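Student: I would like to take a close look at just one part of this protein. Could you pick a helix and walk me through what surrounds it?

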Amino acid sequence: MTKRLKCEFDEFVCDILNDEHFLETKKDLHHGTSKYEHSLRVAKLSYRLGRIFKADLRSVSRAGLLHDFFLGTRKDSPENSYLRHPVTAATNAQKYFNVSNLESEAIKTHMFHHVLIKKIFPFVNREEKASVKEFKPKSKEGWIICASDLLISVIECERFQFTYAFNVALLLLFNIILFKN
Ligand SMILES: [Fe+2]
Ligand SMILES: [Fe+2]
């Protein structure tokens with residue numbers, strides 16, 4: 001990122017990066033890194049994609065940074081689960097940073113890729129109900145946050161590629177056995 005772009009990005013998000021509540025996310029592990037680092041990567045990529053697709057740059061930067069703004073892991077409570085943590089993050093983002101409706105909606109729909117995976121592999125995360133209508137991004141900014149989160153997550157999990165490949169193979173096998181009729 002050039003100096004000029006970095007300055008613009010920093011201006012959009014510096015209040016969040018220095019906020020004591022957001023700094024708490026440094027303590028949480030996420031994809032083998034801290035949630036703070038993960039969120040910053042997603043925000044930077046969202047900003048870059050936002051420039052390419054002529055999106056609202058302030059909104060994609062802030063929604064990218066706040067998309068996982070909840071404390072603890074996804075297994076700690078029902079509100080932090082795979083499909084509920086986006087709503088928790090949006091509520092926190094509203095409470096601490098008064099995000100716009102556009103930003104809030106983009107945060108809420110950032111797990112759309114997980115819904116699609118669930119539709120392809122019904123065996124994944126069976127305890128949660130996934131509605132395409134509810135989770136489908138409703139704006140260009142929403143699609144950008146969703147795509148950035150997926151891309152960054154895959155890159156961060158690179159070191160676990162073998163485990164991932166093994167798990168996907170296992171899931172495929174289970175799905176074939178359980179749903180072949
Ligand atoms: Fe997330
Ligand atoms: Fe994320």
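Tutor: Let's take helix α4, whose buried residues are S59, V60, S61, R62, A63, G64, L65 and L66. Keep in mind as we go that this is a predicted model. That list makes 8 of the 10 residues of α4, so the helix is mostly covered, where a residue counts as buried if 20 or more other C-beta atoms lie within 10 Å of its own. For the protein as a whole, 33% of the 181 residues count as buried.

What do the buried residues of α4 pack against? Their partners are α1, α3, α5, α6 and α9. To place these names, the protein has 10 helices and 2 strands, and along the sequence they come in the order α-α-β-β-α-α-α-α-α-α-α-α.

Now zoom in on L66. Leaving out residues up to four places away in sequence, L66 touches I16, A89, A93, F97, V99 and I107. L66 also belongs to the largest nonpolar core, a group of 31 residues in which L66, A89, A93 and I107 touch the most other members. Several helices build this core: α1 (3-17), α3 (35-52), α4 (57-66), α5 (85-97), α6, α7 (112-120) and α9 each give at least two residues. The largest share, 5 residues, is supplied by α3. As a general point, nonpolar side chains in soluble globular proteins tend to be buried together.

Two of the partners of α4, namely α6 and α9, also pack against each other. Helix α6 covers residues 101-108 and helix α9 covers residues 140-156; their axes are 8 Å apart and meet at an angle of about 40°. The crossing of α6 past α9 is right-handed. On the α6 side, L102, E105 and A106 make the contact, and they meet E141, G142 and I145 of α9. Sorted by class, this contact holds 3 nonpolar, 1 polar and 2 charged residues.

The buried residues in α7 are F112, H114, V115 and K118. Viewed down the helix axis, the buried residues of α7 fall within an arc of 155°, so they line one face of the helix.

Finally, consider the contacts between residues at least 6 apart in sequence: across the protein, 66% of them join residues at least 24 apart.

Definitions and conventions:
Residues are numbered from 1 along each chain as its sequence is written. Chains are lettered from A and ligands numbered from 1 in the order in which they are written. This is a predicted model: local features need pLDDT of at least 70, side-chain atom pairs count only at pLDDT 80 or more; totals for chains, interfaces and linings use all residues. Axes are lines fitted to C-alpha atoms, for helices over the stretch in contact, and angles run from 0 to 180 degrees between N-to-C directions. Helices (H or I, at least four residues) and strands (E, at least two) are DSSP runs, numbered from the N terminus. A crossing is left-handed if the near helix is turned anticlockwise from the far one by less than a right angle, and right-handed if clockwise. Two residues are in contact if their C-beta atoms, placed from the backbone, lie within 7 Å. Ala, Val, Leu, Ile, Met, Phe, Trp, Tyr, Cys and Pro count as nonpolar, Asp, Glu, Lys and Arg as charged, and the others, Gly among them, as polar. A nonpolar core is a set of buried Ala, Val, Leu, Ile, Met, Phe, Trp, Tyr and Cys residues joined through C-beta atoms within 7 Å. A residue is buried if 20 or more other C-beta atoms lie within 10 Å of its own, exposed if 12 or fewer, and partly exposed in between; C-beta atoms are placed from the backbone. The arc is that of the directions from the helix axis to the C-beta atoms.
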